[in-house]
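Look at the sequence and the model first, then read on.

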Amino acid sequence: MTHILIVTTSHTRIPGSDDRTGVWFEELATPYYAFIDAGCAVTLASVRGGEIPIDGRSLAETPLPASVQRFHEDEAALEAAHQSKPVDELTVTDYDALFLPGGHGTMWDFPNNPALAAAIVAMLDDGRIVASVCHGPAAFLGVHRIDGSPLIKGRSITCFTDSEEAAVHLDDKVPFLLEATLREAGAQVSVGPDFAPHIMEDGTLLTGQNPKSSEPLAQAVVAALKAKRAQAA
């Protein structure tokens, strides 16, 4: 069976605000069920372990995405989200793919995170799939190759754009603008229209721009895993 590890933020509040933050629920639930429905085993983890915080704004969508509603009604999924494993206690190469959802919480605890950096490098160096959506690519900041160069230097990726950040009125609340900072780190950032699905594939590094990119990104992960199995057969 194919095993996929999903790692979320553990950060709960936007500093200087009463706004709850965390993972954007659609970016967790949609890939979770895309993988489950494809017959994969999914493990939920987070930066610190324990209950995964949910971005309050993602609970205010009307109507709620079908995957979010399904997650709410799924006792096994809820239990896994309440008892997520700390990423630094896992051997990531036990998994075939690593998926990093976004949500504004990632802007505080994903960058320059030693456990996440080690996980990402271990997966990519072993030819395994790393996928990340929306603010999730913040995890690539502070990750370096053996020669000391930024992991994402020259890589084609996408992420939540600076114009999308301005559109949701959080550009003055986040610690940095993700698109601009990834470009400064040497990434080739591709952007699509605001809030429309857009994904990029660069070898085994796959990324999606925003919440609506969660489904196509998850399906791209499933397709990449099938292709790798076919090559190994």
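This is a predicted model: local features need pLDDT of at least 70, side-chain atom pairs count only at pLDDT 80 or more; totals for chains, interfaces and linings use all residues.

Start with the buried residues of α8: they are S214, L217, A218, A220, V221, V222, A224 and L225. What covers them? The cover includes the strands β1 (3-8), β4 (97-100), β5 (129-133), β8 and β9 (205-208). Helix α1 (25-37) is also part of that cover.

Now check the length of α8. The helix runs over residues 214-232, which makes 19 residues. At 1.5 Å a residue, α8 should span 27 Å. Its end C-alpha atoms are 27 Å apart, so the two values agree.

## A cis peptide bond

Most peptide bonds are trans. The bond from T62 to P63 is cis. Its omega is near -5 degrees. Where does P63 lie? P63 sits in the loop between β2 (41-46) and α2 (66-72).

## Two positive phi values

Most residues other than glycine have a negative phi. N112 is not a glycine, yet its phi is positive, at about 55 degrees. N112 belongs to the loop between α4 (106-109) and α5 (114-125). Is N112 buried or exposed? Its relative accessible area is 59%, so N112 is exposed, the cut-off being over 50%.

F195 also has a positive phi, near 65 degrees, and F195 is a residue other than glycine. The loop between β7 (188-189) and β8 (199-202) holds F195. F195 has a relative accessible area of 38%, so F195 is partly exposed.

Key: Residues are numbered from 1 along each chain as its sequence is written. Side-chain values use heavy atoms; hydrogens and water are left out. Helices (H or I, at least four residues) and strands (E, at least two) are DSSP runs, numbered from the N terminus. Buried means under 20% relative accessible area, exposed over 50%, partly exposed in between (1.4 Å probe, protein chains only). The expected span of a helix is 1.5 Å times one less than its number of residues. Contact means heavy atoms within 4.5 Å.
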